[in-house]
Amino acid sequence: MIDTLYIESAIEQHPRVATIRRRFPQARTVVCERYGEVFNPKAQNFRLQKQHPALILAEKYQKFVLPAPAGYGIGGQRNYYFSHMLNCLYDCRYCFLQGMYQSANYVLFVNYEDFQEQIRQTCLQTPDQDVYFFSGYDCDSLAFEPVTDFAEQFLPVFAELPNAWLELRTKSTQIRSLLNREVVPRCLVAFSLSPDAVADKVEAKAPNVAKRIEAAAKLQQQGWQIGLRFDPLIYQHDYRQQYRALFEQVFAAIDAQALHSVSLGVFRLPEQYFKKMHKLYPDEKLFASPLQTASGMVSYRADLEQAMMADCAQMLLEYIPHSAYFPCTL
């Protein structure tokens, strides 16, 4: 899966680096001073690199925990995100990462303990108030778990913090490490889901929707809190039928009343990201949808966006309590 490993010289002897190197014994190893030498140069083609990404092992020095954007949350007042990894194993055509980064290579920051310490300090600032941390902002939280041991290393920390919530956002079925450990009550595993007709076209390399639903159901049955993320909503001429069928499929397997949260959000991208992605994939039908630009963001026409949100919310609320519904306002 990984043919080339780039390793920053300062962490070449880090125990986590040694573990990962053992997992890829045949990989070519290249030592560099800083990951930006490989990740940031402009003369790169994201589309080509995505076919055979390298893994870059690096150390992060600052900004381990950042405030989440306004409108990003599931009911809490204090919302943060942290990125132990940059870029995703999957190749979803709507993903903003391909518009944000120059490189499709994966970056893994191995100094987990520094992230964990800032998470602790952030929680100590308001010990009587819940603090929400989102880990799937710049990557998929679980897709690379067999390599990174991310959840295995972070869940014990969250289990000890009485006011910390962790969202693991994923399309993955890599749930073995969760099933093999005690449930962490303030951790929710949030699965991103789309209708099959959409997923088959624009969610390359991701597990099919049925397998994601199966993974969510297994975790829920074991006692894990589950979230569902129907985001982004993708327009098709028969989107109502497609999303109704998806909701029927989901709630035939998932206990709707036991869900932690369900969110909806339409397709949207910063204009500069959209232009870059359109240049990478000029024939992509997704980008030929009825889109418009407003306030620097590209999304569907306002009337269509409102109709999609209203229609899908109405269908969802046939299954879930309103208290569990969180429309994304980004």
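Which residues in α5 meet which residues in α7?

1. First, the ground rules. This is a predicted model, where local features need pLDDT of at least 70, side-chain atom pairs count only at pLDDT 80 or more, and totals for chains, interfaces and linings use all residues. Residues are numbered from 1 along each chain as its sequence is written, and side-chain values use heavy atoms, with hydrogens and water left out.

2. Now the answer: Y112, F115, Q116, I119 and R120 in α5 meet F150, Q153, F154, V157 and F158 in α7 (contact means heavy atoms within 4.5 Å; helices are DSSP runs of H or I, at least four residues, numbered from the N terminus). By class, that contact has seven nonpolar, two polar and one charged residues (Ala, Val, Leu, Ile, Met, Phe, Trp, Tyr, Cys and Pro count as nonpolar, Asp, Glu, Lys and Arg as charged, and the others, Gly among them, as polar).

3. How do they cross? The axes of α5 (residues 112-125) and α7 (residues 150-160) come within 11 Å, crossing at roughly 25° (axes are lines fitted to C-alpha atoms over the stretch in contact, with angles from 0 to 180 degrees between N-to-C directions). So α5 is roughly parallel to α7 (angles under 35 degrees).

4. On to α10 (residues 209-222) and α11 (residues 239-253): their axes come within 9 Å and cross at roughly 30°. This pair is therefore roughly parallel too.

5. As for who touches whom, V209, A210, I213 and A217 in α10 meet L246, Q249, V250 and A253 in α11. That contact has seven nonpolar, one polar and no charged residues.

Key
Helix = DSSP H or I, 4+ residues; strand = E, 2+ residues; numbered from the N terminus. Parallel < 35°, antiparallel > 145°, perpendicular 65-115°, else oblique.
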